[in-house]
Amino acid sequence: MATSRATATATAAQPVSLRRRGSVLEQAILDAALEQLSTVGWSGLTMEGVAAGAQTGKAAIYRRWPSKGDLVEDALRSGLPDLDTVEDHGSVREDLYQLCRRIRGTMYSRSGHALRSVLYECDHNAADRFHALILRQVIEPANLLFREVVQRGIERGDVRPDATGEMVFDVVPGLMMFRSKVCGSEWRDEEIAAMIDQVMVPLLRPGSC
C-alpha cells in the first residue's frame with residue numbers, strides 16, 4: 001500500500017503532457033517563447049525552457065523552428081498588436097491622443113517587452129533581423145496611421161495643409177522613445193495628453209508656421 005501511495009505521489013508530481021497538434025500546439029509554443037523573453041530575456045531563453053512552458057518536447061519545437069532566432073521572430077510577429085486602423089474621433093487632438101495610447105499599449109505589451117529585451121541583448125546580426133521586424137510591424141504601420149490622422153485633420157480644416165513633412169511624423173515616436181529610454185517615462189495618459197496639447201496641436205494648427 002505504501003508503494004502504491006508513493007507511486008501515485010510521484011506520478012502526480014510529474015508535469016502533465018498535453019496532446020495537442022497543429023496550430024494549437026504552435027500557439028502554445030509561441031506563447032511560451034514570449035513568456036520566456038518577458039521574464040528571462042533573449043540571453044536566458046532556451047529551447048528547453050520554451051518546451052517546458054508549452055508542456056511539449058524539444059523535438060516538436062525544432063521540427064517547426066530550426067533555431068532560437070526563427071522561433072523568437074515568429075513569436076514576436078504573432079504577438080505584437082496590430083496597428084492597422086485608426087478611428088475618427090472628430091478632431092485631430094482626440095485622434096492623436098487615442099492613437100498614442102494604442103502605441104503605448106504596443107510598447108508595453110508582453111510582446112513589446114519581449115522585443116526590447118531582444119534588441120538590447122542579442123548580437124549585431126540578430127539585432128538587424130529584429131530591427132527589421134519592428135520596422136515592418138510597428139514603425140511603418142504607426143507612421144501610416146499618423147499620416148491618416150493628419151490628412152483627416154487637413155480635410156476638416158484643423159490641420160495646416162503643409163503639415164505632411166517627414167519631420168512632423170517623427171515628433172511623436174521620437175518623443176515617446178526618448179522619454180521612455182532616457183527619462184524612464186511610462187507614458188501615463190496625462191503625459192500623452194500633455195504631448196498632444198503642448199507639442200502636436202500647436203505644431204499642426206493652421207497658421208502655426
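This is a predicted model: local features need pLDDT of at least 70, side-chain atom pairs count only at pLDDT 80 or more; totals for chains, interfaces and linings use all residues.
## Helix α6 on its own

Let's start with α6, which covers residues 92-107. The helix has 16 residues, and going from its first C-alpha to its last takes you 22 Å, close to the 22 Å expected at 1.5 Å a residue.

Quite a few of its residues are tucked away: Val92, Asp95, Leu96, Tyr97, Leu99, Cys100, Ile103, Arg104, Thr106 and Met107 are buried. What do they pack against? The buried residues of α6 meet α7 (110-121), α8, α9 (166-181) and α10.

## Where α6 meets α10

Take α10 (residues 189-204) as one of those partners: its axis and that of α6 lie 10 Å apart, at an angle of about 135 degrees. That angle is why the two helices count as oblique to each other. As for handedness, α6 passes α10 in a right-handed crossing.

On the α6 side, the contact is made by Val92, Arg93, Leu96, Tyr97, Cys100, Arg101 and Arg104. From α10 come Asp189, Ile192, Ala193, Met195, Ile196, Asp197, Met200, Val201 and Leu204. Sort this contact by class and you get 11 nonpolar residues, 5 charged ones and no polar ones.

## A look from α8

Now hop over to helix α8 (residues 124-156), where Ala142 is found. Is Ala142 buried or exposed? Its relative accessibility is 8%, so Ala142 counts as buried.

Setting aside neighbours within four places in sequence, Ala142 touches Leu83 and Ile103. Ile103 is also one of the buried residues of α6. Along the chain, Ala142 and Ile103 are 39 residues apart, yet their C-alpha atoms are separated by 7.6 Å.

Note on methods:
Residues are numbered from 1 along each chain as its sequence is written. Side-chain values use heavy atoms; hydrogens and water are left out. Axes are lines fitted to C-alpha atoms, for helices over the stretch in contact, and angles run from 0 to 180 degrees between N-to-C directions. Helices (H or I, at least four residues) and strands (E, at least two) are DSSP runs, numbered from the N terminus. Angles under 35 degrees count as roughly parallel, over 145 as roughly antiparallel, 65 to 115 as roughly perpendicular and the rest as oblique. A crossing is left-handed if the near helix is turned anticlockwise from the far one by less than a right angle, and right-handed if clockwise. Contact means heavy atoms within 4.5 Å. Ala, Val, Leu, Ile, Met, Phe, Trp, Tyr, Cys and Pro count as nonpolar, Asp, Glu, Lys and Arg as charged, and the others, Gly among them, as polar. Buried means under 20% relative accessible area, exposed over 50%, partly exposed in between (1.4 Å probe, protein chains only). The expected span of a helix is 1.5 Å times one less than its number of residues.
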